[in-house]
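Please keep the sequence and the model in view while reading.

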Amino acid sequence: MELDGRVAVVTGGTRGVGAGIARAFLRAGAEVLVCARRPPGEPVAAAGRTAVFHPLDLREPAAVREFMAGIAERYGRLDTLVNNAGGTPYRLLGEGAAERHARVVELNLTVPLAVSLAAHGLLRASRGSVVMIGSVSGTRPSPGTAAYGAAKAGLENLARTMAVEWAPEVRVNTLVLGMVRTELSHLHYGDAEGLAAVGATVPLGRLAEPSEIGEAAVFLASDRAAYVTGASLLVHGGGERPAFLNAATVNKPNGES
C-alpha cells in the first residue's frame, strides 16, 4: 500500500482510462476523488475501497477552485493530481468551424492548466505531484483529431515547464499513451475484428488495458519516482511499426513479400 494515507484526484475518473487510474490508486492505498460532469454508471471501486465522486464541470474555473477548497477542508491535503479528462470526436479540420476545434484545445490543454493552478497550493504543501495524461497524437501527425494532437503536444511542453517552475516542491510528469482498450474503443477502431487489426499494428500485439495505465500513474506518483520530474513516460506498447517497412519490396522478415 505504497500510497497509504495519501489523497489523489483523477479528473474524468469515472470511466475508461480515468477509471483504470482511479482503481490503481485505490489498490495502492490512496484516498481517491474522481470528478466529471456526470456520475459513473456504478461506483469506481477496487480492493474493497471506493472512489468518492464529485460532479464538476472542469471548464468552470470558479467551480474548480471551490472543489479544491473542499478537498483542503475535508482532507487537509492533496498529494497527486492526475489530469486525465479530455478527448475528442473524429473531425477533419475542414469539417468544423474554428470554435469547435478551440473547444477541443480548451478541454485538453487549458483545463489541465487551470486545474493544476487551482491545486498548486495543496500540492506544494504536501510536496506532491501532477501526472498529465498525454498521447502519441501529440508526437506525430493526427489527421481527424488535429486540435487534440496539438493540445496534447502543448500539454507535454506545459508539464515540462511546470516541472521547472514548481520544483522542488511539486513534481510534474506526463504519461504519453498509445491506444487503450476501453468501453468506447469501438467508436475509434470498430468491432472486434477492427480492434484486433489495430492491435496487430502495435509491436506488443495489442491495445493497452486501463489498469496498465493506472499502474504507470501510480509509479509516477509514488516515492519510487522521487527523482523523476519533467519526464514523459511512453506507455504505447512500442509505438507503431514504420509504414515504409511494410511498403518496401526488400528486407522483409521471414521471407515476406
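## Helices H1 and H7

The model is a predicted one. Helices H1 and H7 are oblique to each other, since angles under 35 degrees count as roughly parallel and 65 to 115 as roughly perpendicular, and their axes cross at roughly 55°. Helix H1 covers residues 16-27 and helix H7 residues 210-221, and the two axes come within 7 Å. The crossing is right-handed.

On the H1 side, the contact involves Gly16, Val17, Gly20, Ile21, Ala24, Phe25 and Arg27. These meet Pro210, Ser211, Ile213, Gly214, Glu215, Ala217, Val218 and Ala221 of H7. Sorted by class, the contact of H1 with H7 has 9 nonpolar, 4 polar and 2 charged residues.

Helix H7 has 12 residues, which at 1.5 Å a residue should span 16 Å. The end C-alpha atoms of H7 are 17 Å apart, in agreement with that expectation.

The buried residues of H7 are Pro210, Ile213, Gly214, Ala216, Ala217, Val218, Leu220 and Ala221. The elements covering them include helix H1 and strands E6, E7 (129-135), E8 (171-177) and E9 (232-235).

## Thr80 in strand E6

Strand E6 spans residues 80-83 and contains Thr80. Is Thr80 buried or exposed? Thr80 counts as buried because its relative accessibility is 4%, and buried means under 20%.

Not counting residues up to four places away in sequence, Thr80 touches Val7, Ala8, Val9, Phe25, Leu123, Ser129, Val131 and Ala221. Among these partners, Phe25 and Ala221 also take part in the contact between H1 and H7.

## Helices H2 and H3

Helix H2 (residues 61-75) and helix H3 have axes that come within 9 Å and cross at roughly 25°. The two helices are therefore roughly parallel to each other, and H2 passes H3 in a right-handed crossing. Helix H2 contributes Val64, Arg65, Met68, Ile71 and Ala72 to the contact, while H3 contributes Val115, Ala118, Ala119 and Leu122. By class, this contact of H2 with H3 has 8 nonpolar, no polar and 1 charged residues.

## His120 in helix H3

His120 lies in helix H3, which runs over residues 98-126. With a relative accessibility of 16%, His120 counts as buried.

Leaving aside neighbours within four places in sequence, His120 is in contact with Trp166 and Val170. His120 and Leu78 are 42 residues apart in sequence, and their C-alpha atoms are 9.3 Å apart in space.

Definitions and conventions:
Residues are numbered from 1 along each chain as its sequence is written. This is a predicted model: local features need pLDDT of at least 70, side-chain atom pairs count only at pLDDT 80 or more; totals for chains, interfaces and linings use all residues. Side-chain values use heavy atoms; hydrogens and water are left out. Helices (H or I, at least four residues) and strands (E, at least two) are DSSP runs, numbered from the N terminus. Buried means under 20% relative accessible area, exposed over 50%, partly exposed in between (1.4 Å probe, protein chains only). Contact means heavy atoms within 4.5 Å. Axes are lines fitted to C-alpha atoms, for helices over the stretch in contact, and angles run from 0 to 180 degrees between N-to-C directions. Angles under 35 degrees count as roughly parallel, over 145 as roughly antiparallel, 65 to 115 as roughly perpendicular and the rest as oblique. A crossing is left-handed if the near helix is turned anticlockwise from the far one by less than a right angle, and right-handed if clockwise. Ala, Val, Leu, Ile, Met, Phe, Trp, Tyr, Cys and Pro count as nonpolar, Asp, Glu, Lys and Arg as charged, and the others, Gly among them, as polar. The expected span of a helix is 1.5 Å times one less than its number of residues.
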